[in-house]
Amino acid sequence: MAVKDRIQLPEQSPVLRRQNFDEVTIGYTLELAQEEGKRCLQCKVPTCISGCPVGIDIPRFIKELVNGNLERSFRILKSYNYLPSICGRVCPQENQCEGSCVLNKLGKPVNIGGLERFVADWAAANNVEETNEAEKNNKTSASFAKNKLDKIAIIGTGPSGLTAASELGKFGFTVHMYEALHEPGGVLVYGIPEFRLPKDVVKREISDLAKLNVEIHKNSPIGYAITVDEILENYDAIFIGVGAGTPKFMGVPGSELNGVYSANEFLTRINLMRAYKFPEYDTPIRIGNRVVVIGGGNTAMDAARSALRLGAQVTIVYRRTEVEMPARRAEIHHAKEEGIEFQFLTNPVRYIGDERGNLIGVECIRMELGEPDESGRRRPVPVKGSNFVIQADTLVEAIGTEANRFLLSQFPDLKTNKYGYIVTNEYGQTSIPKVFAGGDIVTGSATVILAMGAGKKAAEGIMKYLENA
């Protein structure tokens, strides 16, 4: 059987987009979305659903889209996933739902992410209100909650917390979310650039939570503005979804030089504080003519592509080969199209400064791949005598993050593993029975959709806990 070619999402040209922070991918028209949707085989046993961490009924929402029932398509999506416009843009579908699509055996999978984005954006543009189908699509019968006064606190407003809040809100619980920053969204607002995820989209989908009796308290860091004892005393259950936002550093000599950033600070200034619009916004960002970004993940791509749009010549330095890069293939492809240089099998050994303490260069060494390490990837080994220098005014270390141990230390008897992440059971329940957790604070740095799946599972666990309390 012949399978039509996959319809790619239209994009800004590389020449244009490297000069602005507008969204790179433009999105389907209705005609293109329906044409792509027709490629779905409507499998009797849809493997794509098993690849989705939140279990969306993918064939059903696509079928309604193809048949022109866009409102129904949207309501199906929203009943499983309260953030479809966000997920349609930033989820690694190639490793999840699309990776499980049977069309991979015949060609390219259905563009599920593009269709999800189209339906959700269409609903927003047409002011479509979703209906609450929680009872139908959740295996847990929690209608009891509507007749109780259970209050739930959610610490952190990132993907896991937002998903837990939406699931609990659907069943009538009173939910209070606590956000340390001045805008909710967690990594969605401080970590992912505007050109990949417009902040208006994030605000729009978060604002929908108000319809579910969810209240968000901004500028409210737990442990400072509100004590952990108060949270434990005043709420019937608590969900911790604070992510893993503490940056890791390589400890390279010269890290104290002016112009050396962690990716967290660099991207927070640009994304959350809108430094790319300075002085229209108050927070500046120091960018020289030459920027080096250390790392090979999505965060490194985001930092590099942001620096490029601020007018710099950008080089990404990664100690393994392109094959081992953990970043999405699409992000690497876009970075190359935009003119970012890659130095593979390369690692920094020293940051060089001038007499005023400003960064002027990065001394690197060439690497070669040896035996696999504990992650299964081949271990990079320095090549003796291969040192060289890359001139740089700014350097961004994007080598990962870890848990915020201060907050977790405030919870009495909360069990964590050797890396500082919270230990939970399959429903996100911690060593403190009324406290649940999910997302990066449990798994370490992962994806938006995996954090959402954890939030959904934890919400189910919280409802079971309250039912038996």
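Is Asn213 buried, exposed or partly exposed? At 45% relative accessibility, Asn213 falls into the partly exposed class, where buried means under 20% relative accessible area, exposed means over 50%, and partly exposed is what lies in between (1.4 Å probe, protein chains only). The model is a predicted one, so to speak of local features takes a pLDDT of at least 70, side-chain atom pairs count only at pLDDT 80 or more, and totals for chains, interfaces and linings use all residues. Residues are numbered from 1 along each chain as its sequence is written, and side-chain values use heavy atoms, with hydrogens and water left out.

On to the backbone. Asn213 is not a glycine, yet its phi is positive, at about 65°. Its place is the loop that runs between helix 11 (199-207) and strand 3 (214-217); helices (H or I, at least four residues) and strands (E, at least two) are DSSP runs, numbered from the N terminus. Asn219, another non-glycine, has a positive phi of about 50° and sits in the loop between strand 3 and helix 12 (228-234). A cis peptide bond turns up from Phe278 to Pro279, with omega near 10°. Pro279 belongs to the loop between helix 13 (263-271) and strand 7 (290-294).

Then there are the cysteines. With a disulfide taken as a pair of cysteine sulfur atoms within 2.5 Å, the count comes to zero.
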